[in-house]
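Please look through the sequence and the model below before reading on.

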Amino acid sequence: MRGETVEEVTGLWDKLCDGAAVVVPMGPAGWAPAYGMVRDRFGVVWVLDVLGEHAG
């Protein structure tokens, strides 16, 4: 899931982390100001990031 702002993605991340296992902690990445990966309580892996300034 890709968001437009760090705040947007962080809000989604906080909700997905309830009862989940963090695979990659939320933080900056080479291509995005924020990136993280979580496996939710149902076993679904979610990848979240923010659209980078240079992308698009």
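How many of the eight residues of strand β3 (residues 32-39) are buried? Six of them are, and the strand is therefore described as mostly covered, where buried means under 20% relative accessible area, exposed means over 50%, and partly exposed lies in between (1.4 Å probe, protein chains only). The model is a predicted one, in which local features need pLDDT of at least 70 and side-chain atom pairs count only at pLDDT 80 or more, while totals for chains, interfaces and linings use all residues. Residues are numbered from 1 along each chain as its sequence is written, and side-chain values use heavy atoms, with hydrogens and water left out.

**The sheet**

- Four strands form an open sheet in the order β1-β4-β3-β2, with mixed pairing; strands, like helices, are DSSP runs numbered from the N terminus (strands are E, at least two residues; helices are H or I, at least four).
- The edge strands are β1 and β2, each of which pairs on one side only, and two strands count as paired if DSSP finds at least two bridges between them.
- Strands of a sheet pair through backbone hydrogen bonds, either parallel or antiparallel.

**Neighbouring strands**

- Strand β2 (residues 21-29) pairs with β3 in the antiparallel sense over five bridges, and Gly27 stands opposite Tyr35 in β3.
- These two strands, β2 and β3, form a hairpin with two residues between them.
- The pairing of β3 with β4 is also antiparallel and runs over five bridges, with Val47 in β4 as the bridge partner of Met37.
- The hairpin of β3 and β4 has five residues between the strands, and in this hairpin Gly43 takes a positive phi near 90 degrees.
- Strands β1 and β4 pair in the parallel sense over two bridges, and Gly3 stands opposite Val50 in β4.

**The helix**

- Helix α1 (residues 6-16) lies across β1, β2, β3 and β4, and runs at about 160 degrees to β4; contact means heavy atoms within 4.5 Å, and angles run from 0 to 180 degrees between the N-to-C directions of axes, which are lines fitted to C-alpha atoms, for helices over the stretch in contact.

**The salt bridge**

- The count comes to one salt bridge, defined as a side-chain nitrogen of Lys or Arg within 4 Å of a carboxyl oxygen of Asp or Glu.
- The side chains of Asp49 and Arg2 meet in a salt bridge at 2.8 Å, N to O.
- Asp49 lies in strand β4 (residues 45-50) and Arg2 in strand β1 (residues 2-3), so the pair ties together parts that are 47 residues apart in sequence.
- Asp49 counts as buried at 6% relative accessibility, whereas Arg2 is exposed, with a relative accessible area of 51%.
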